[in-house]
Amino acid sequence: MLETDLTGRVQKNKKMAYQKLQVGRVSAVVPSNTVDIPYVGDASSVWPCVLYSGTGGNIRVMTAGGDDVTFVGVPAGTFMPVQVTRVFATGTAATSIMACW
């Protein structure tokens, strides 16, 4: 009984996770050590976004919480479900990075 209950919950959570990864706006990211990623709907505002990495490599970001983090060896074609405000030029080797809201 418990196993069935847990399986049902896991299946429900998987469906919820997929829904959370849907995006409504997308913009190419220009890595910068000084400029945050502008929101595509209003270039004067900054909204945290998730990233898509078109090519593999390291990606250094500033998270919405203010953490400076380098993700090492991000594979090509990866969505990064971390809320970020900036992609740094220094420390970022990946290219074709997209901001997704």
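**Thr70.** I started with Thr70 and found it in strand 4, residues 68-74; strands here are DSSP runs of E with at least two residues, numbered from the N terminus. The model is predicted, so I kept in mind that local features need pLDDT of at least 70 and side-chain atom pairs count only at pLDDT 80 or more, while totals for chains, interfaces and linings use all residues. I also noted that residues are numbered from 1 along each chain as its sequence is written, and that side-chain values use heavy atoms, with hydrogens and water left out.

Next I looked beyond four places in sequence and found Thr70 in contact with Asn58, Ile59, Arg60 and Gly91; contact means heavy atoms within 4.5 Å. For Ile59, eleven residues away along the chain, I noted a C-alpha separation of 5.6 Å from Thr70.

**Val84.** I moved on to strand 5, where Val84 sits. Val84 counts as buried because its relative accessibility is 1%. Leaving out neighbours within four places in sequence, I listed its contacts as Ile37, Trp47, Pro48, Cys49, Leu51, Val61, Met62, Thr63 and Ala64. For Leu51, 33 residues from Val84 in sequence, the C-alpha to C-alpha distance is 7.8 Å.

**Ser96.** My last stop was the loop between strand 5 (78-87) and strand 6 (97-100), which holds Ser96. Phi of Ser96 is near 55°, a positive value in a residue other than glycine. Most residues other than glycine have a negative phi.

Conventions. Helix = DSSP H or I, 4+ residues; strand = E, 2+ residues; numbered from the N terminus. Buried < 20%, exposed > 50% of the residue type's maximum accessible area, 1.4 Å probe, protein only.
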